[in-house]
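Thanks for making the time this morning. I would like to walk you through one model and the geometry that was computed from it, so please have the structure open while I talk.

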Amino acid sequence: MTLITSSQELSDLCKELAKSEVITVDTEFLRDQTYWPKLCLVQLADANHFAAVDVLAPDIELEPLYDLMRNSAVLKVFHSARQDLEIFYLLMDEVPQPLFDTQLAAMVCGFGDSIGYDNLARQLINQEIDKSARFADWSRRPLTPKQISYALSDVTHLRDIYAKLREQIDKSGREHWLREEMAILENPQTYQQDPERSWLRLKTRSNDRRYLAILKELAAWREREAQRRNTPRSRVIKDEQLYDIASNRPTTAKDLAKTRGVSPDMADGRLGREILSAIEIAMQLPKADCPAPKERPPHNNGLAAIVDLLKVLLKQCCDEYDVAQKLIANGSDLELIASDDNADVPALSGWRREVFGEKALRLKQGLVALSIKDGKLVVEDLG
């Protein structure tokens, strides 16, 4: 087992890895107590080298690691790369490239929705992964041999998993499918935390544009405060409190203090003043500039039946192509397709349209039919 704790060791390792066409990468980090992820360990491997880099070691310089991540001649293989790549983007101000995500590749190859690394290792290379150290505190030092062994297993077995998936992708001719997915991961906008868009993650079905304007301002304020304090957004104020404040629209600290979970001291202090200011900004916004409600299908008594048919078609198409349903469309996407042939959903563009979207539209138009032949569901073209 190799643990890198010095700048020279890291530099030497990265020089060797830079000679490889493919390396595997994983990270261990903490985020439950902070807004920004705290990187604790980076694991790296190729066919001849494997090591864990202690990024918390005193005085270690990580620039050789960043140079390796920027090296366009070296393919970086991750499993479920989204959070790992966010960490590198925050540290480097750019996304490591080129990339290969084995979880996405596995979904393209029909291994189910968001398959875990341990299940993929079991199915592809017949390896059992010891996950007993999964919830360890990776910020505590010294790291135990068990922790290091666990961390390294995530990149050593990943080499063989990548090779198996690469072979399947090449045989299936689905490289362009995977490239569309990789393009999302390689886009820096994927990792940019824009406070002005933070309200979009809130679950509200309100059509009141003024309410949505207040909610948007409050969510942006909370996001900036959470970033400033480096604390989870729920520790600034919870979603339910934002909904309550946006509904009641308090104008004074006394009114704000009536919100459940908002103390008089908070209402009278800086946070209270900033909350009231956010409400005032939203209240003064011209109605035409207030956010529009999230797009929903119009009410249609027959829509549910159409959605049910589309679900059956989706399953049939995904079974035929051996691809995960989640990668094609979710329930909300199907509702939008059922109500609008030009719905702005992934299933109606790119490779997804080839697999499912075109058939979905033809089903709506009565140009294809679902039937059962020899005990199997088939899609028949009616011309």
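First, the ground rules. What you see is a predicted model, in which local features need pLDDT of at least 70 and side-chain atom pairs count only at pLDDT 80 or more, while totals for chains, interfaces and linings use all residues. Residues are numbered from 1 along each chain as its sequence is written, and side-chain values use heavy atoms, with hydrogens and water left out.

Let me begin with strand S3, residues 38-45; helices (H or I, at least four residues) and strands (E, at least two) are DSSP runs, numbered from the N terminus. Seven of the eight residues of S3 are buried, so the strand is largely enclosed by the rest of the structure, where buried means under 20% relative accessible area, exposed means over 50%, and partly exposed is in between, with a 1.4 Å probe and protein chains only. On one side, S3 runs antiparallel to strand S2 (residues 22-30), with seven bridges between them, and strands are said to pair if DSSP finds at least two bridges between them. Within that pairing, Thr 24 has Ala 45 of S3 as its bridge partner. S3 is also antiparallel to strand S4 (residues 50-54), through five bridges, and a hairpin of four residues connects S3 to S4. Here Leu 44 stands opposite Ala 51 in S4.

Leu 44 brings us to the cores. A nonpolar core is a set of buried Ala, Val, Leu, Ile, Met, Phe, Trp, Tyr and Cys residues joined through side-chain atoms within 4.5 Å. The largest one has 84 residues, and those with the most contacts inside it are Leu 44, Leu 165, Ile 328 and Phe 356. Which helix gives the most to this core? That is helix H14 (residues 303-321), with seven residues. A second, separate core has 29 residues, among them Leu 202, Leu 218, Ala 246 and Ala 282.

Staying with H14, its 19 residues should span 27 Å at 1.5 Å a residue, and its end C-alpha atoms are 27 Å apart, which agrees; the expected span is 1.5 Å times one less than the number of residues. The buried residues of H14 include Leu 303, Val 307, Leu 310 and Leu 314, and the buried residues of this helix pack against helices H15 (325-328), H16 (331-339) and H17 (350-364) as well as strands S7 (368-373) and S8 (376-381). Leu 314, at 4% relative accessibility, counts as buried. Setting aside neighbours within four places in sequence, Leu 314 is in contact with Gln 325, Ile 328, Ala 329, Leu 334 and Phe 356, contact being heavy atoms within 4.5 Å.

Now the aromatic rings. Rings of Phe, Tyr and Trp (its six-membered ring) pair if their centres lie within 6.5 Å, with planes under 30 degrees apart counted as stacked, over 60 as edge-to-face and the rest as tilted. By this rule the count is seven aromatic pairs. One of them is Phe 78 with Phe 88, edge-to-face at 6.5 Å centre to centre and 70 degrees between the planes. Phe 78 lies in strand S5 (residues 75-78) and Phe 88 in helix H3 (residues 82-92), so the pair ties together parts that are ten residues apart in sequence. Phe 78 is buried, at 0% relative accessible area, and Phe 88 is buried, also at 0%. Another edge-to-face pair is Phe 100 with Tyr 162, at 4.9 Å centre to centre and 90 degrees between the planes.

I will close with the backbone. The peptide bond from Gln 97 to Pro 98 is cis, with omega near -10 degrees, and the bond from Arg 141 to Pro 142 is cis too, with omega near 5 degrees. Asp 374, although it is not a glycine, has a positive phi of about 55 degrees, and its place is in the loop between S7 and S8.
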